[in-house]
Amino acid sequence: MKDRPGAEGHFDALEVRSADERAAWLAEELPRQVALARSLPGYAEALQDVDADAITSRAALAALPVLRKSRLGHAQQADAPFGGYTTRAAHEFAHVFQSPGPIYEPGGDAPDWWRMGRFLHACGVGPQDIVQNCFGYHLTPAGMIFENGARAVGAAVLPAGTGQTELQVRAAADIGTTAYAGTPDYLKTILEKADEMGETLRIEKAAVGGGALFPSLRQFYADRGIACLQCYATADLGNIAYESAAMEGMIADEHVVIEIVTPGTGEPVADGEVGEVVVTSLNPDYPLIRFATGDLSAVMPGESPCGRTNMRIRGWMGRADQTTKIKGMFVRPEQVAALVARHDEIARARVVVTREGERDAMTVQVEAERGEPAVFEASVAEVLKLRGAVEIVAPGSLPRDGIVIEDQRKYD
């Protein structure tokens with residue numbers, strides 16, 4: 001999983017490649033990964049007609065179907081535990097995890113299998129550190145994800161898990177832990193409990209995830225001499241993107257391909273526009289191809305001042321699943337995408353939900369240079385299963401904020 005000839009100050013040489021070097025490497029890796037996925041039962045239908053050798057770039061990848069977590073869940077019910085999406089049997093993995101749903105994920109113990117070492121290195125964690133790992137070890141994989149990453153950078157681990165704050169403080173003080181891994185807010189709880197107990201802790205680095213790191217909380221840690229950085233990771237994919245000390249966006253991991261697409265579709269948006277994060281993993285044990293995370297983000301221009309050259313995203317910007325109940329019926333982003341696909345005249349659409357008196361009202365705004373509202377209204381009724389007004393707006397006038405269903409209803 002890792003190439004360590006090493007650029008000084010970085011985890012490895014992959015982080016500082018030129019755009020041409022990264023593109024050439026991807027042109028070799030992607031066809032292998034797509035071919036691997038195509039051979040698996042889970043992808044038998046979706047990828048059966050795909051020429052893997054032709055998938056050599058992010059643009060070519062965009063032609064493949066998106067894999068949604070709901071599809072993964074249904075497949076796992078039919079073919080437990082992994083739905084035919086792994087290249088190894090369940091007993092051949094080091095771990096099998098269960099996340100809410102339930103969804104089952106495999107886990108490996110190969111060096112940096114989850115690719116979390118890259119993030120911990122960016123946090124300054126290394127062989128001199130003892131990491132107090134406060135992610136859960138019970139059923140879900142977060143604890144093992146960060147433990148595997150700590151081993152990749154040579155750090156020792158206190159497998160603390162969650163809760164029992166007084167014992168957490170006692171262990172941190174006695175052992176002399178220097179780094180924290182866990183949710184953004186729990187470290188504050190530990191520090192405040194240490195103050196109550198009259199203990200001084202040596203924690204000076206924090207690697208966080210699984211929740212929002214608010215600026216005020218980051219400043220709280222900074223005021224106590226703790227550098228706190230966050231990553232974007234999921235149980236299915238492992239590390240996707242991470243902050244460096246530059247703290248300008250999140251840098252894409254070197255073994256994933258990130259796309260930002262219009263919610264409910266697989267269609268990439270322009271750089272800078274908000275859309276759903278879709279990720280292709282280059283992990284040969286679990287080759288997820290165009291896996292929809294359900295999260296919103298956007299590509300940032302340029303490169304990080306820290307010297308890492310991969311693309312950057314703005315971090316978590318909300319949920320892409322904007323499914324909304326209108327007049328007792330659910331309207332989903334996929335339906336809005338189907339409406340757009342039905343008419344060549346329509347470039348983009350946005351459903352706006354309001355209240356008129358005590359009743360829901362739905363207006364569908366469509367970007368189009370021409371077209372008959374009555375024709376569009378008929379399509380709205382057929383595709384969205386609801387009647388609503390259609391408002392034709394000028395091309396380019398709808399916000400590029402990733403929202404395709406805007407709920408403006410107020411209930412107070």
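Guide: A residue counts as buried when its relative accessible area is under 20%, and as exposed when that area is over 50%. The model shown here is predicted. By the cut-off for burial, the buried residues of helix α9 (residues 333-342) are P333, Q335, V336, A337, L339 and V340.

Visitor: Against which elements do the buried residues of α9 pack?

Guide: Their partners are the strands β16 (329-331), β17 (346-356), β18 (359-368) and β20 (405-407), together with helix α10 (373-384).

Visitor: Why is D112 called buried?

Guide: Its relative accessibility is 3%. Buried means under 20%, so D112 at 3% counts as buried. D112 lies in the loop between β2 (103-107) and α4 (117-122).

Visitor: Which backbone feature does D112 show although it is not a glycine?

Guide: D112 has a positive phi of about 55 degrees. Most residues other than glycine have a negative phi. Q164 also has a positive phi, of about 55 degrees, and is not a glycine.

Visitor: Is Q164 buried or exposed?

Guide: Q164 has 60% relative accessibility. Exposed means over 50%, so Q164 at 60% counts as exposed. Its place is in the loop between β4 (156-158) and α6 (165-175).

Visitor: Why does D285 count as buried?

Guide: The relative accessibility of D285 is 15%; as the cut-off is under 20%, D285 counts as buried. D285 lies in the loop between β11 (275-281) and β12 (291-297).

Visitor: How do you know that D285 and R88 are joined by a polar contact?

Guide: The side chains of D285 and R88 come to 3.1 Å, which is within the limit of 3.5 Å. These two residues are 197 apart in sequence and 6.5 Å apart in space, C-alpha to C-alpha. The side chain of D285 also makes a polar contact with that of W113, at 2.8 Å.

Visitor: What is the basis for calling E273 buried?

Guide: E273 has 15% relative accessibility. With the cut-off at under 20%, E273 therefore counts as buried. E273 lies in the loop between β10 (256-261) and β11. A polar contact of 3.4 Å joins its side chain to that of R348. Beyond four places in sequence, E273 is in contact with residues including I260, S297 and R400.

Visitor: Where are peptide bonds cis?

Guide: The bond from A80 to P81 is cis, with omega near -5 degrees, and P81 is found in the loop between α3 (69-78) and β1 (95-99). A cis bond also joins G101 and P102, where omega is about -5 degrees. P102 is found in the loop between β1 and β2. Most peptide bonds are trans.

Notes. Residues are numbered from 1 along each chain as its sequence is written. This is a predicted model: local features need pLDDT of at least 70, side-chain atom pairs count only at pLDDT 80 or more; totals for chains, interfaces and linings use all residues. Side-chain values use heavy atoms; hydrogens and water are left out. Helices (H or I, at least four residues) and strands (E, at least two) are DSSP runs, numbered from the N terminus. Buried means under 20% relative accessible area, exposed over 50%, partly exposed in between (1.4 Å probe, protein chains only). Contact means heavy atoms within 4.5 Å. A polar contact is a pair of N or O atoms within 3.5 Å; within protein, one must be able to donate a hydrogen and the other to accept it, and residues adjacent in sequence count only if both atoms are side-chain atoms.
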